[in-house]
Number of protein chains: 2
Amino acid sequence: MELKHVVIVGGGFAGLAAAKALATAPVRITLIDKENHHLFQPLLYQVATSALSSPDIAAPIRKVLRRQSNVTTLLSEVSAISLETQTVEHTYGSMPYDYLILAAGAVNDYFGHDHWEERAPGLKSLADALEIRHRVLTAFEKAEAVDASERASLLTFAVIGAGPTGVEMAGALKEIATRTLNDNFRNFDPSKARVVLIEGGPRVLSAFPEDLSANAQMQLEKLGVEVLLNTRVKDITEHGVDLENGDAIAAATVLWGAGVKGSPLAKTLGVELDRRGRVPVGKDFALPDHPNVFVVGDLAQCVDAKGEEVPGLAPAASQGGEHVAAQIWRSIDGKDRQDFTYLDKGIMATIGRSRAVAVSGPFKFTGGLAWLAWLFIHVLFLIDFRNRIAVIFEWAWAYVTFQRSARVILTREKKPVVAG
Amino acid sequence: MELKHVVIVGGGFAGLAAAKALATAPVRITLIDKENHHLFQPLLYQVATSALSSPDIAAPIRKVLRRQSNVTTLLSEVSAISLETQTVEHTYGSMPYDYLILAAGAVNDYFGHDHWEERAPGLKSLADALEIRHRVLTAFEKAEAVDASERASLLTFAVIGAGPTGVEMAGALKEIATRTLNDNFRNFDPSKARVVLIEGGPRVLSAFPEDLSANAQMQLEKLGVEVLLNTRVKDITEHGVDLENGDAIAAATVLWGAGVKGSPLAKTLGVELDRRGRVPVGKDFALPDHPNVFVVGDLAQCVDAKGEEVPGLAPAASQGGEHVAAQIWRSIDGKDRQDFTYLDKGIMATIGRSRAVAVSGPFKFTGGLAWLAWLFIHVLFLIDFRNRIAVIFEWAWAYVTFQRSARVILTREKKPVVAG
């Protein structure tokens, strides 16, 4: 009997978990990703803020799966999916599937203001992180070379959106300014750099309990971050951010942490998407009329067996990927599908050195304890053993010295990029 | 009395050594570089071959000099030098100097075949290293996706020039193929990848004694590298390398290690250059008619007090930079200039894990001992303490596991680049 062919699109937490869970299943698997690496997205802001280098949080997918002989990994870009012919169109041709696991993830959402993308990069990929790192480091470099009149805007950093990504970036930026760049400049004091965190809602970290939001805001303000709540963005221009309340923030660097939407690949399925571009799926992550097609991870809009929407978090993606793998295995064995139940172990966000908030069930943590928990859990779940040791070393070094190692800007052709 | 203004162009070994040697001199210094980092070029091939990440061998210049209060560091590109008005033209304007130290280094030399540059990248900057890394990793990735007919060319790597850079890259490529990528592919055996080292002269490492050249060639061939001597390149095409002897090597990846020339900035001086684009200078590194203008490092053509040409090596650049700093100090003190004497501590090249050659005075080393010496000396001279520890860790890890950590390819805009 020929083995069933499982095609997995995307090597993020969901796709990789599904591939691993099928290691001993009677299937052959092709995992396609447009990048060669699995990315540990929860630490992406640390690459953006020069604390870690790219290889610390990115493991080659084919290396992670090298001992799993039923998986072929392809670096290739999927452009369309045909449910009718049961094929995936990608860079090197058309590939038929028996089962499809679509785990293509999310992209930055500018809510229709597409011209904001160039002015305010978001943080979804390594390329995004290196672009942000480049803009931040270059702003400080330029501030050393120009007149005082131009310097104020160069030393103002606006972060839009106070979810975990925005909070983490704002805290890290203020630490770079006050600690890392100490003594580095002759014409200005980097610790005077302004970091402004702009949030449309009434509090930071809206997914957290209210008292933790208040605590996080207090920790941010202690660090020197200016937090603007109930403040909506009207436009992002070359000069900075125009607010709906009429104010304008002159900032050479604007960063976007206000929202994501499903990968555009979802549109090629020909099914109705939700308003955030995600694919509504059944409680087993399958498409309603296509039981052999699963959408899982950030691209899926799934209500689990408890009636709760599965959140767009790494643990939810991993659990989802494993659930989908189990369903494929059950189908091959002729068994019924099972509903997914998300096991919520909690959420956490870090604000800076020894500053964080965390909640797990009835337990809430703030400050140093939350930060230690954050550190421990993130290192524990780093995908690759070598990365774990490297990251512990980088962090220990940074903690003792306040230095950030990945401060390399490099010039590539006309446009400068950063390395690391 | 107003302090004399020393402008240093270039933060490589020569420029940085000069700046440091002037730490307590009665001068104010501006160091201008078009990159924000000092690059430890002797280890650049390790970034190209995924063993190290960029921050391991690149330290921000302003960080290195942060405690030296008489230096202002500028990230800016110098476009021209006017000896007449004693000014340097750069991105942010025109800067007058009392003393100029031009240490802008070298670029790849394609001997008039400028169209070869795109096809066969050389190895002079971090951008070069990441471009090479990208091409090598992508060739293996493509080989997994295409038909067997296209695979042979993708799995052939041609390295042109068997100097230290070419030898180091060829050895590292063969190790990646045989060791690092083990088990990573399903459609081919990466250890079958060909690495062809093409040298126009009669032996590899022509700067070394003949017996060490022979030993290096033997070590390369043991590793599986094909060494072609007395073989001249006629053309580099999209298919690979055409040789003057009529043979053609079908290779998707061609790397250039055959030569360098002085930075194009030298042309703006208006003085006669040598055939490798370098500036002929006196034994004190000053321009013959401009005693306040020094050219030092790879950009200088200098015959030292012993009548020997100063080689284009990192130790020579460092010694030269220190000598120039001393001459400026002497001028300010009203003393005569001194001639430079290059102190030759020896040369070494590494071929792979536990394989190297080294010569120091009457002593010659090969194999494991030379490799340990190479390791020790390169770590010792790494510019930044943190980098040293990081590099030792990376190397120890790689030695034990055969893994290379920096295998990240990332897609940026249309053109994919690599990170790390």
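These notebook entries record what I looked up in the predicted model above.

**Conventions.** I worked with a predicted model in which local features need pLDDT of at least 70 and side-chain atom pairs count only at pLDDT 80 or more, while totals for chains, interfaces and linings use all residues. Residues are numbered from 1 along each chain as its sequence is written, chains are lettered from A and ligands numbered from 1 in the order in which they are written, and side-chain values use heavy atoms, with hydrogens and water left out.

**Entry 1: chain A as a whole.** I began with the secondary structure and found 12 helices and 27 strands in chain A. Here helices (H or I, at least four residues) and strands (E, at least two) are DSSP runs, numbered from the N terminus. I then looked up the radius of gyration of chain A, which is 22 Å, close to the 22 Å that the globule rule gives for 420 residues, so chain A is as compact as a globular protein of that length. The radius is taken over C-alpha atoms, and the rule is 2.2 Å times the number of residues to the power 0.38. The C-alpha trace of chain A spans about 75 × 50 × 40 Å along its principal axes.

Of the 420 residues in chain A, 57% are buried. I use buried for under 20% relative accessible area, exposed for over 50%, and partly exposed for values in between (1.4 Å probe, protein chains only). I also checked the contacts in chain A between residues at least 6 apart in sequence, and 64% of these join residues at least 24 apart; contact means heavy atoms within 4.5 Å.

**Entry 2: α1 and α10 in chain A.** The axes of α1 (residues 13-21) and α10 (residues 314-332) of chain A come within 7 Å and cross at roughly 35°. Axes are lines fitted to C-alpha atoms, for helices over the stretch in contact, and angles run from 0 to 180 degrees between N-to-C directions. The crossing of α1(A) and α10(A) is right-handed. A crossing is right-handed if the near helix is turned clockwise from the far one by less than a right angle, and left-handed if anticlockwise.

I listed the residues in this contact: α1(A) contributes A:Phe13, A:Ala14, A:Ala17, A:Ala18 and A:Ala21, and α10(A) contributes A:Ala314, A:Ala317, A:Ser318, A:Gly321, A:Glu322, A:Ala325 and A:Trp329. By class, the contact of α1(A) with α10(A) has 9 nonpolar, 2 polar and 1 charged residues. Ala, Val, Leu, Ile, Met, Phe, Trp, Tyr, Cys and Pro count as nonpolar, Asp, Glu, Lys and Arg as charged, and the others, Gly among them, as polar.

**Entry 3: α1 and α10 in chain B.** In chain B, α1 (residues 13-21) and α10 (residues 314-332) pack at an angle of about 35°, with their axes 7 Å apart. I noted a right-handed crossing of α1(B) and α10(B). Among the residues that meet are B:Phe13 in α1(B) and B:Trp329 in α10(B). The contact of α1(B) with α10(B) divides into 9 nonpolar, 2 polar and 1 charged residues.

Entry 4: I compared helix lengths with the expected span, which is 1.5 Å times one less than the number of residues. The 20 residues of α6(B) (residues 126-145) should span 28 Å, and the end C-alpha atoms are 29 Å apart, which agrees. In α6(B), 18 of the 20 residues are buried, so this helix is largely enclosed by the rest of the structure.

Within α6 of chain B I looked up B:Arg135, which is buried at a relative accessible area of 19%. Not counting residues up to four places away in sequence, B:Arg135 touches B:Glu118, B:Arg119, B:Ala120, B:Pro121 and B:Thr253.

**Entry 5: loop residues.** A:Asp183 has a phi near 70°, a positive value in a residue other than glycine. A:Asp183 sits in the loop between α8 (164-180) and β12 (194-198) of chain A and is partly exposed, at 36% relative accessible area. A:Asn230, in the loop between β13 (226-228) and β14 (233-237) of chain A, has a positive phi near 50°. A:Asn230 is exposed, with a relative accessible area of 55%.
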